[in-house]
Amino acid sequence: NKAAAAVDVAAAVEASAAAEAADKFAEEAEAVARAAAVAVAEIDEAEEAATEALESEEEIRAISEAAAEKKAVEEAAKKAAKKAVNNVTAKAKKTKTKKTTKKKTTRVVRRKTVATPKEAVVVSSQAENPWASLTEATLKRKTVAQLTEYLSERGVKVIDESSGKTLKKALLVESVQSL
């Protein structure tokens, strides 16, 4: 019986050792499973970060493409506007040239003919007042200094007698038109 008991004790010790080994393997398996879960989570996070980075790069690319497209549209609009302005300006110049030509031909009036012994001299209003053909808007763009110089050359008073100051621009323009 002692031998059987010794065998039972040895079997129990072996069974206990096997159980401890099994528990140890189970703990190791759980640790490996936890490590694997952590590794999978880290991989998932890395994949997520890579996806976000890729999306960010795509968004940046899309934004830069949109900005380039917007710039191209703005440049095209500027070119079209400039072309339109040039066309309008060219038409206005042609129209203005025609009008100016008509004005010049209609405004040239002979005032008097002075006879000299050798030849006759024709004095026209253009020679006396070369600014007569200018429009009021053009005269208003002249400076006060230009207007006063022009009127002074023609003997028109440009100083207000009561204040001693130069006349206002509107009065100077009127004086040029009335010459």
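What follows is a short chat about a predicted model of one protein chain.

Reader: What elements does the protein chain have, and how many helices and strands?

Author: This is a predicted model. The protein chain has five helices and two strands. From the N terminus on, the order is α-β-β-α-α-α-α.

Reader: What does the pLDDT average over the protein chain?

Author: The average is 79, and 79% of the residues score at least 70.

Reader: Which elements have the lowest and the highest mean pLDDT?

Author: Strand β2, residues 120-124, has the lowest mean, at 45. Helix α4 has the highest, at 93. Over residues 115-124 the pLDDT is below 50. In the model, that stretch has 13 contacts beyond near neighbours in sequence.

Reader: How much of the protein chain is made up of buried residues?

Author: Buried residues make up 9% of the 179 residues. The accessible surface comes to about 14,500 Å². Carbon and sulfur atoms account for 59% of that surface.

Reader: Switching to the core. Which residues are in the largest nonpolar core?

Author: Ten residues: Trp131, Leu139, Leu147, Tyr150, Leu151, Val158, Leu167, Leu172, Val173 and Val176. Two elements, α4 (144-153) and α5 (169-178), each give two or more residues to this core.

Reader: What is Leu139 in contact with, leaving aside neighbours within four places in sequence?

Author: Leu139 contacts Trp131, Leu134, Leu147, Val173, Val176 and Gln177.

Reader: Now α4. Which of its residues are buried?

Author: Leu147, Thr148, Tyr150 and Leu151 are the buried residues of α4. Seen down the helix axis, they fall within an arc of 165 degrees, so they line one face of α4.

Reader: Why would residues three or four places apart point the same way?

Author: Because an α-helix has 3.6 residues a turn.

Reader: What is on the face of α4 turned away from the buried side?

Author: That face carries the exposed residues Ala145, Glu149 and Glu153.

Reader: And what follows α4?

Author: Gly155 follows α4, and its phi is positive, near 80 degrees.

Reader: Which residues of α5 are buried?

Author: Leu172, Val173, Ser175 and Val176 are the buried residues of α5. Down the axis of α5, these residues fall within an arc of 160 degrees, so they line one face of the helix.

Reader: What covers the buried residues of α5?

Author: The cover includes α3 (136-141) and α4.

Reader: And which exposed residues sit on the face turned away from the buried side of α5?

Author: Ala170, Glu174 and Ser178 are the exposed residues there.

Reader: One more threonine. Where is Thr138 found?

Author: Thr138 is in helix α3. Thr138 is buried, with a relative accessible area of 17%.

Reader: What does the side chain of Thr138 join in a polar contact?

Author: The side chain of Thr135, at 2.9 Å.

Reader: Last one. Of the contacts with a separation of 6 or more, how many join residues 24 or more positions apart?

Author: Such residues account for 40% of those contacts in the protein chain.

Key: Residues are numbered from 1 along each chain as its sequence is written. Side-chain values use heavy atoms; hydrogens and water are left out. A nonpolar core is a set of buried Ala, Val, Leu, Ile, Met, Phe, Trp, Tyr and Cys residues joined through side-chain atoms within 4.5 Å. Buried means under 20% relative accessible area, exposed over 50%, partly exposed in between (1.4 Å probe, protein chains only). Helices (H or I, at least four residues) and strands (E, at least two) are DSSP runs, numbered from the N terminus. Contact means heavy atoms within 4.5 Å. The arc is that of the directions from the helix axis to the C-beta atoms. A polar contact is a pair of N or O atoms within 3.5 Å; within protein, one must be able to donate a hydrogen and the other to accept it, and residues adjacent in sequence count only if both atoms are side-chain atoms. pLDDT is the predictor's confidence in each residue, from 0 to 100. Accessible areas come from the Shrake-Rupley method with a 1.4 Å probe; for residues, only the protein chains shown count as cover.
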